[in-house]
Every structure is written in C-alpha cells, then in structure tokens.
Amino acid sequence: MTNELKSSFTLGALLCIGLIVAGYILGESALKFKSYDRSVSVKGLSEREVPADIAAWPIRFTAAGNDLSALYASMETNTKQVSKFLEVAGFSPSEITIAAPVITDKLAQNYGGQNVSLRYTAKQTIAVYTTKIDLARSAKNNLGELGKKGIAFGGEEYEQKTEYLFTKLNAVKPSMVEEATRNARHVAEQFAADSNSKLGKIKSANQGQFTISDRDSSTPHIKKIRVVSTVDYFLSD
C-alpha cells in the first residue's frame, strides 16, 4: 500500500470517527434540549378581604322658589346646617368641601309654553373625604334628621353615591404575590406527581393584574383584592 493510499485511508477513518462522535454529541444535545423543553404552565390565586381606608361622600340637597335672593339665603342656611351636622358628628373642617350652589332658571331653558310654578331651582353639594369609615357610615344613617327640618337631600344616584376606596395596595402586594406563587407551585407539584415527572426550576412567571372590587353590593366598604400569577415550570423524568 502506497503512502498516498495509506494517508487517504487514515483520513477517511478519522472522518468517519469524527462523524460518529459528532452525531453522538448532537444526539445527546437533542435529548437534553427535549428534556429541558418539557414544562407545565399553572396559575396560582391569592384573594384577600380588607376594609376600605377612604370614604368619599357627596351630600347633595336642593331647593326651589321664585325669589332668587330668598333661594340663595335658604341654600346658605341649609349649607350651614349640614356643615354643623358634620362637625358635630366628628369630621374636621379639612375633611369637608363646600361647592358653590348651582342655580337653574327654568324660564331661560326654552321650556316653551310649559307652566313653571317655581322659576328657580338650586343644587348644593358638600363633599366629605375622610379616613373615618365607620363615622361616615353612621353619619349617613343619621342624615335623615336634617331632612325632617326641611332639607331635601338627593338619593344615591351614580354621581352622588358614596365611594369607598382602598389605597394601601402596596402594603399587601408582596405577601399576596408570594401566596399566589406558592399556590401555583402546589398545583405544579401535583401535576408532576400525577404525570410521573419531577418539578424543575421556574421557566417564566407572570405576576398578573391586581383587582380591587366591592365584596358585594351591601358592603361596599369591604374590598376584595385578587391576583392571579401564571408560572411555567420545567419538568424532568
């Protein structure tokens, strides 16, 4: 066998061995990649009920008449009575905001030939913004005492409905995210056990959106906080 032939044979043998080794390495890599690619996506829920910490309470009352000066005087008297009622109840002046009265002249509203018995109507709003939730709820129940004195209050229409707020979300966020993640892992562990797999590390995680809602229509001062976290875990045999 000539030297050139020997060299060609040796080179071919080396190439074959190289291809076999490379194929084995690629095969192992593919198996590892396939193993690492196995994952499960689970959701974890955390819910909590908390008391509202802010009450925004708009108090609206109205009056009507044909004498504009007398109507303004009546609204001023009623405003003082409502303000005094709130202060006696325990609210500070800084928690009470008094808006200017809104006067409507019905004859200027193009009512045509309609018979207007009372030409002017007035609306007055006093807003209470407070952290004293229980005091606000109690005062609302006692507001009818002023109604007995001739003050006509509006109902709970949308624009004057008392709004209860929870403003301390950042204080409960960390513990709720931890709870949601822990619940998600519990679900993932159960899935892994049922599928004869082992739960690996977290592949990806999504905290989810926090939502705050009333517990129900009867208790708007109690809030329900909710968050759902989505977590992807690796699985292995």
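This is a predicted model: local features need pLDDT of at least 70, side-chain atom pairs count only at pLDDT 80 or more; totals for chains, interfaces and linings use all residues.
Student: What makes Phe 61 and Phe 153 an aromatic pair that is edge-to-face?

Tutor: A search of the whole structure finds two aromatic pairs, and in the one formed by Phe 61 and Phe 153 the rings lie 6.1 Å centre to centre, with 75° between the planes.

Student: Why is Phe 61 called buried, and why is Phe 153 called partly exposed?

Tutor: Buried means under 20% relative accessible area, and partly exposed lies between that value and the 50% above which a residue is exposed. Phe 61 has 0% relative accessibility and therefore counts as buried, whereas Phe 153, with a relative accessible area of 24%, falls in between and is therefore partly exposed.

Student: Why is Asp 105 also counted as buried, although its relative accessibility is 18%?

Tutor: The cut-off for buried is under 20%, so the 18% of Asp 105 still falls on the buried side. Asp 105 lies in strand β4 (residues 102–105), and its side chain makes a polar contact with the side chain of Arg 119 at 2.8 Å.

Student: What makes that approach of Asp 105 and Arg 119 a polar contact?

Tutor: A polar contact needs a pair of N or O atoms within 3.5 Å, one able to donate a hydrogen and the other to accept it, and the 2.8 Å between the side chains of Asp 105 and Arg 119 meets the distance limit, so the pair is counted. A polar atom of the Asp 105 side chain also lies 3.1 Å from the backbone nitrogen of Leu 107.

Student: How do you know that the buried residues of α2 are on the same side of the helix?

Tutor: The buried residues of α2 are Leu 71, Met 75, Asn 78, Thr 79, Val 82, Ser 83, Phe 85 and Leu 86. They cover an arc of only 155° around the axis, which puts them on the same side of α2. The face turned away from this buried side carries the exposed residues Ser 69, Lys 80, Lys 84 and Val 88.

Student: Which residues have the most contacts inside the largest nonpolar core?

Tutor: That core has 24 residues, and those with the most contacts inside it are Trp 57, Ile 59, Val 82, Leu 86 and Phe 91. At least two of its residues come from each of β2, α2, β5 (120–130) and α3 (133–142).

Student: Why is Asn 196 called exposed?

Tutor: Exposed means over 50% relative accessible area, and Asn 196 has 68%, so the residue is exposed. Asn 196 sits in the loop between α5 (169–194) and β8 (198–206), and its phi is near 55°, a positive value in a residue other than glycine.

Technical notes. Residues are numbered from 1 along each chain as its sequence is written. Side-chain values use heavy atoms; hydrogens and water are left out. Rings of Phe, Tyr and Trp (its six-membered ring) pair if their centres lie within 6.5 Å; planes under 30 degrees apart count as stacked, over 60 as edge-to-face and the rest as tilted. Buried means under 20% relative accessible area, exposed over 50%, partly exposed in between (1.4 Å probe, protein chains only). Helices (H or I, at least four residues) and strands (E, at least two) are DSSP runs, numbered from the N terminus. The arc is that of the directions from the helix axis to the C-beta atoms. A nonpolar core is a set of buried Ala, Val, Leu, Ile, Met, Phe, Trp, Tyr and Cys residues joined through side-chain atoms within 4.5 Å.
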